[in-house]
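Here are my notes for your first look at this one. Keep the viewer open and follow along point by point.

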Amino acid sequence: MSNMFKLMTWFSMLCVTGSTLVLGRNNTAKDIFILAGQSNMAGRGGVNHGKWDGNIPPECKPKRSILRFTANLDWEVAREPLHVDIDIGKVCGVGPGMAFANEIIRSHRSRTGIIGLVPCAVGGTSINKWGKGSRLYDQLVKRANEALKDGGGTIRAILWFQGESDTVNKDDAETYKGKMVMLIEDLCLDLNLPSLPFIQVVLASGEGTITNIEMVRKAQMGIKMKNVKCVDAKGLPLNADNLHLTTMSEVKLGLKLAYAFLLSFSHFH
């Protein structure tokens with residue numbers, strides 16, 4: 001029985017909550033991607049003055065072949081905002097995840113034909129809050145493992161966009177590289193995936209000085225590990241706050257992440 005047929009069978013048994021299709025603990029094989037970091041990964045595209053404008057570009061439209069792992073550890077059809085129940089207490093908008101997933105599907109390079117997104121990003125979090133043993137680290141590992149239960153698929157990559165909060169203090173910017181390398185190594189070990197692709201976004205902005213922003217950017221680009229690739233967000237238009245990416249910038253970033261994955265990790269066929 002094909003994955004798509006099994007998925008359609010699930011749809012015949014699903015329950016409808018509002019406009020979202022909930023598939024529960026769906027064990028259909030999926031290509032799973034973890035979305036982690038802070039607000040620009042969680043998505044602030046279209047958010048201004050504390051409200052999301054609701055604009056969803058064509059590149060981010062939902063498909064039945066793109067699923068989202070909810071805070072309740074259930075699979076549902078993915079739609080913006082992906083982090084609505086993860087980055088709680090904040091207004092979420094468009095992030096890079098849906099554009100990424102749609103491009104992977106469009107490329108016909110998914111092994112299963114089904115993408116499973118596992119949102120884990122939380123706005124305003126420094127690298128210190130993501131270290132091994134922290135609440136965010138443990139939550140990411142737990143969600144990743146829960147997403148795999150019952151033969152639910154394979155983790156293909158972690159998509160990471162974080163560092164803006166580490167530009168506030170010089171000491172944090174100077175120690176960023178070492179902490180990031182340790183985080184990557186710890187996640188690969190604890191997820192039992194030593195060669196897990198890790199695609200990190202190089203900062204487009206930050207909360208601190210230009211000097212500190214450039215220091216973190218240099219640290220990110222200076223990580224030379226076989227399973228790590230960088231996508232540079234510098235130059236992508238920002239919202240009025242000069243910190244968060246606009247909706248179309250998030251779309252462009254999602255496409256960049258997809259191209260980086262497809263080009264850099266050729267075993268994904």
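The points below go through strands, salt bridges, one asparagine and some aromatic rings.

1. Ground rules. This is a predicted model, in which local features need pLDDT of at least 70 and side-chain atom pairs count only at pLDDT 80 or more, while totals for chains, interfaces and linings use all residues. Residues are numbered from 1 along each chain as its sequence is written, and side-chain values use heavy atoms, with hydrogens and water left out.

2. Strand β6. Start at strand β6 (residues 66-69); strands (E, at least two residues) and helices (H or I, at least four) are DSSP runs, numbered from the N terminus. In a regular strand, side chains alternate between the two faces of the sheet. Here Ile66 and Arg68 point one way, Leu67 and Phe69 the other, and all are buried, meaning under 20% relative accessible area, with exposed being over 50% and partly exposed in between (1.4 Å probe, protein chains only).

3. Neighbours of β6. Two strands count as paired if DSSP finds at least two bridges between them. β6 pairs with β8 in the parallel sense over three bridges, and leucine 67 has glycine 116 in β8 as its bridge partner. With strand β7 (residues 75-77), β6 pairs in the antiparallel sense, over three bridges. The hairpin of β6 and β7 has five residues between the strands, and leucine 73 there takes a positive phi near 65°.

4. Which residue in β7 stands opposite arginine 68? Glutamate 76 does, and the two side chains meet in a salt bridge (3.0 Å, N to O); the term means a side-chain nitrogen of Lys or Arg within 4 Å of a carboxyl oxygen of Asp or Glu. Arginine 68 is buried at a relative accessible area of 3%, and glutamate 76 is buried at 10%.

5. How many salt bridges does a search of the whole structure find? The search finds 12. One of them joins aspartate 190 and lysine 132 (2.4 Å, N to O). Aspartate 190 lies in helix α6 (residues 176-190) and lysine 132 in the loop between β8 (115-119) and α4 (135-148), so this pair ties together parts 58 residues apart in sequence. Aspartate 190 is partly exposed, with a relative accessible area of 30%.

6. A network. Lysine 234 forms a salt bridge with glutamate 214, their closest N and O atoms being 3.4 Å apart. Salt bridges that share partners join Glu214, Arg217, Asp232 and Lys234 into one network.

7. Asparagine 212. This residue is found in helix α7 and is buried, with a relative accessible area of 7%. The side chain of asparagine 212 reaches the backbone oxygen of threonine 167 at 3.0 Å.

8. Aromatic rings. The whole structure holds six aromatic pairs, that is, rings of Phe, Tyr and Trp (its six-membered ring) with centres within 6.5 Å; planes under 30 degrees apart count as stacked, over 60 as edge-to-face and the rest as tilted. Tryptophan 130 and tryptophan 160 have ring centres 5.2 Å apart and planes at 80°, so they are edge-to-face. Both of these tryptophans are buried. Tryptophan 160 also forms a tilted pair with phenylalanine 198, at 6.0 Å centre to centre and 40° between the planes. Tryptophan 160 sits in strand β9 and phenylalanine 198 in strand β10 (residues 198-202), so that pair ties together parts 38 residues apart in sequence. Elsewhere, ring pairs link Phe33, Phe100, Phe261 and Phe265 into a cluster.

Key. A polar contact is a pair of N or O atoms within 3.5 Å; within protein, one must be able to donate a hydrogen and the other to accept it, and residues adjacent in sequence count only if both atoms are side-chain atoms.
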